[in-house]
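Please keep the sequence and the three-dimensional view at hand while reading.

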Amino acid sequence: MAVRANPHLIEELEKYGAQDVVKCYHCGNCSATCPFSGGTYLFPRKSMRYLQMGLESRLRATLEPWLCYYCGECSDQCPREAEPGETMMSMRRWLTSRYDFTGISALFYRSWRAELIAIVVVALLTGIGLTIFGLTYGDLNVYDGEGAFLPAAAIHRFDWAMAIVLVILLGINCVRMWWFTVGGDRGVRVPLREYLKLAFLVPLHFFTQKRFRQCNEKRPWAVHLVLMFSYLTMLILIMFFLHYLQDGPAINWVAHGFGYAAALGLVGTAIYAVHGRIKKTETHYRHSHETDWIFLGLLALVSATGIIQHVLHRTGQPAAANVLYVAHMMGVVPMLVLEVPFSKWSHMAYRPLAMYLSALREKAVAVESAPADKRAAVAQTA
Amino acid sequence: MKDDCRIGFYICNCGTNIAKVVDAEQVCERIAGLPGVACARAYKYMCSNPGQEMITRDIRERGLNRVVVAACSPRMHEPTFRKALEAAGLNPYLLEMANIREQCSWVHDDPRAATAKACDLAHAAVRRVRYHQPLEKVEASYAPATLVLGGGIAGLTVAVELAEASQPVYLVEREGKLGGNVGRADLTAPYLDSARDILAEKIARAEASPKLDILLRSELVELRGFVGNFRATVRTTGGPTRDLAVGAVVVCTGYQEFDATRIERLGYGRFPDVITSFELERRLRMGRLETDDGRIPRYVSIVHCVGSRNPRYHPYCSRVCCMTALKYGHEIKSALPAAMVTDLYVDMLSFGKGGEDFYRRTSELKTMFLMYEKGDPPRVRAAEPGDDCGLLVQVNERLSGEVIDVPADLVVLMVGMEARADGGDVARTVGISQDRQGWFIESHPKLAPVSTATEGVYIAGCCQSPKDIPDSVAQARAAAAMVLAHVAQGKIEVDARFAEIDPDRCSGCRMCNELCPYTAITFDPDERRSSVQSALCKACGTCVAACPSGAITARHFTDKQIFEQIEGVLAWSSSRSS
């Protein structure tokens, strides 16, 4: 069965940040230097070739971009300055937009203006909604106590509802990712047993990012892990322990200890990344897509408003604290609603899922190449 | 005559080329003892100036009247040593060479046997040289006019160069206009300058030159005579038949394109949007780059090596197609920036000045390059309904192993060059030969690229082999320089070695007439005798061997000389074996 070539593929990828793909002449230095390349996966060279040949369906079915953590060795070693690392990055953006069934992801990645407008609109809706809600149901005091319109319990209901919507959106995209890479591939059959046996890989890779650590350069892994754990801590605190943070005036040091550590982690990594991208300190910071800046901008905005709001609240300035809280929510809501299913935050789901799917594929490949009788037996059990 | 011979024998070490296997001193000693040998010497490099001077001095001081040089092949240095004889006032044909390098030291490794063989070869030369006769070269006049066949870029260049050097030229072109295949092209790679501009300048110069006679719709019918003294019969359609006296003929008959219908799977002839490179050139020249039904193509596929580098059609590379295909990438992109170009190639041969850079620039235009296997050309089929293209080109991509369908609205076939179907007629008429593919053969692929086996007949441009415009022009100017060198001398020296027919012994059987590869023998029907035109004869000896009456003698290759040589080779070896 012939594969259809799309001669526009490189142009398409360029909208997602790829550059200089045409310079590649397939010497293979990138694949030689990459600690992950070898055996089943020969990236980034193979993906570069798919791109140059316009094999869109092959590229959509590949997991390889998710197995790359952009240490930048390949781009450093490339004699043609074809930027294979950045190409892999842009492929992750492109794949995200392929998995996303709404088309919103494709819109955001190809037009930063559209993403910015969407953020502003969601932020304004959030701000106006909160203001109207507050003015209708009491004063603007968001904290527990007299006249509070958004006590912890109400916020919990709100963020659980949001979480369910986000999980559904991201879940559908994950199913699509599975279908493109494993499920829909007629040449691959994975026994159900393997799906269950290997399921532990998703949480394992989610929490440890252990593959990232295999890159020669360990610092990006450490920074990324700090960022992810800070997010996770914040998420758990807000979803389950919000009332400990809002209760006052005495500070609950257990809850706040986690909160402060997480805030420090978020601010620290944001500053590190902004500095890195401005000064281009590391190879993976050399090229910045507009969405990278929007992501960092939102992160900085949310961290800053959260911290100021907390300080104002604890120093007894409720009116100002409430205003800052609304501002904080105007950052948090767009970040969660737009970034998690449609942009960079989706990586948290796709990366561990890719490790799982790739392990499944390897099992399936083994089934394919097994002798005929064994293959029949495996097919029966499946 | 042989009793008063004073032979000088000189053996060359050729550095170590000869001396490392052959004991030159021993050969010297043995030859010195032969009757008639006045001196025998070995020297490191006989062909060097001191070596030549040694011979000249010995001739003068020792009164030598024959010289034998045992060294390399006579093809290498016979002219050198002949000059050494002439410098001492001795007839150059009184020299004989024994080839003890190519035919001895280079091919043997046993020093004893090789030395013995060198002795035999030297002995043979000594025996032979005693029967050499002083011969005089013959001079003939050289007509200044030149006949140029073909009005393409090569023929035009030759004609203009000669005419502007004030020599008369007849430029014979079969078609009704000048320009040839270059006249069918739009721009040229790699600098994207216009083919029409290149030609217009040449044609203007040709037409302005009073010395240049352009004969359109004309063909050469017959060529008689020999170098410097040809008679050419040129027939013009609807015009007179002329008889021209020319000194040289330059053949620039070019090439024809491969017939793409021969490769059925490419769909040429079946799909109107599968076109050849020349058809695309015409559309580009007219500025109408569209499909058969007038749509703007969104996808253009270019198939390389159509008929070239394929053992079923032509095994050779046509040399210009890769660069031309890259040129199409630029031309299509500049005419239709939204169109996507795909090159389906076997190997990208972007050699030569500016070639690699041109390839790089084309790939930066996001041209897609897919590689296919030589014997497995792509297959063109109609696209399915609802597709955004008219055709699909299926290619077994060699680097990835994928079978790929490439969308195409226009498929361009880079048809290769092939020798003209009627090239054989031209070759027979002017007396040159063709290789297996039909290209005209040059005297030496490196050192005499525009000369042919027939003196005074030169070849230039694509009739010799596929080449691009710069190479064709370079060959054309080389041929012009060859002609001018002879014209400047105004006469031609004919080698003194040629066959002679003794009219008293000739029976007029005409056997030799048919056999002569140089058509040097003519038959006089009144006298009923054949005779050799010495200027055409190359002294190959075919007629000598064939003549049933023994009436033919080749000068410098007489029976006596050859028998003596054979005796000489066998003299010592027979004593060794007994």
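How many Å apart do the C-alpha centres of domain 2 of chain B and domain 4 of chain B lie? In this predicted model, the two centres are separated by 32 Å. The domain assignment from which these names come divides chain B into domain 1 (2-135), domain 2 (146-254 + 420-492), domain 3 (260-417) and domain 4 (499-554).

The C-alpha trace of chain B spans about 100 × 60 × 45 Å along its principal axes. Chain B contains 15 helices and 30 strands, and 47% of its 578 residues count as buried. When contacts in chain B between residues at least 6 apart in sequence are considered, 70% of them join residues at least 24 apart.

Which strands pair with strand 1 of chain B? One of them is strand 2 of chain B (residues 37-43), which runs parallel to strand 1 of chain B and is joined to it by six bridges. Within this pairing, Ile7(B) has Val37(B) as its bridge partner. Another is strand 3 of chain B (residues 66-71), which pairs with strand 1 of chain B in the parallel sense over five bridges. Here the bridge partner of Tyr10(B) is Val69(B).

Strand 3 of chain B leads onward to strand 4 of chain B. These two strands run parallel and are joined by five bridges. Val69(B), already named as the partner of Tyr10(B), has Met97(B) as its bridge partner in strand 4 of chain B. Together with helix 3 of chain B (residues 74-87), strand 3 and strand 4 of chain B make a right-handed β-α-β unit.

Is strand 4 of chain B buried or exposed? Five of the five residues of this strand (residues 95-99) are buried, so strand 4 of chain B is largely enclosed by the rest of the structure. Leu95(B), Met97(B) and Asn99(B) lie on one covered face, while Glu96(B) and Ala98(B) lie on the other. Helix 5 of chain B (residues 111-129) is mostly covered, with 16 of its 19 residues buried. From its first C-alpha to its last, helix 5 of chain B reaches 26 Å, close to the 27 Å expected at 1.5 Å a residue.

Attention next turns to strand 6 of chain B (residues 146-149). Thr146(B) and Val148(B) point one way from this strand, Leu147(B) and Leu149(B) point the other way, and all are buried. Strand 6 of chain B pairs in the parallel sense with strand 7 of chain B (residues 169-172) over four bridges, and Thr146(B) has Val169(B) as its bridge partner there. A right-handed β-α-β unit is made by strand 6, helix 6 (residues 153-164) and strand 7 of chain B. Strand 6 of chain B also pairs in the parallel sense with strand 14 of chain B (residues 248-251) over four bridges. In that pairing, Thr146(B) stands opposite Ala248(B).

The remaining topic is the contact between the chains. It takes 18 residues from chain B and 14 residues from chain A. On the side of chain B that touches chain A, at least two residues each come from strand 18 (340-345), helix 10 (355-364), strand 19 (368-371) and strand 22 (403-408) of chain B. Strand 22 of chain B supplies the largest share of that side, five residues. By class, this side of chain B has nine nonpolar, four polar and five charged residues. Strand 22 of chain B also pairs with strand 1 of chain A (residues 3-4) in the parallel sense, over two bridges. In this pairing between the chains, Arg4(A) has Asp405(B) as its bridge partner.

Key
Residues numbered from 1 in each chain as written. Chains lettered and ligands numbered in written order. Predicted model: local features only at pLDDT ≥ 70, side-chain atom pairs only at ≥ 80, totals over all residues. Contact = placed C-beta atoms within 7 Å. Nonpolar A, V, L, I, M, F, W, Y, C, P; charged D, E, K, R; others polar. Pairing = 2+ DSSP bridges. Domains from an automatic or database assignment. Expected span 1.5 Å × (residues − 1). Buried ≥ 20, exposed ≤ 12 C-beta atoms within 10 Å, placed from the backbone. Right-handed = clockwise from strand over helix to strand, strands pointing away.
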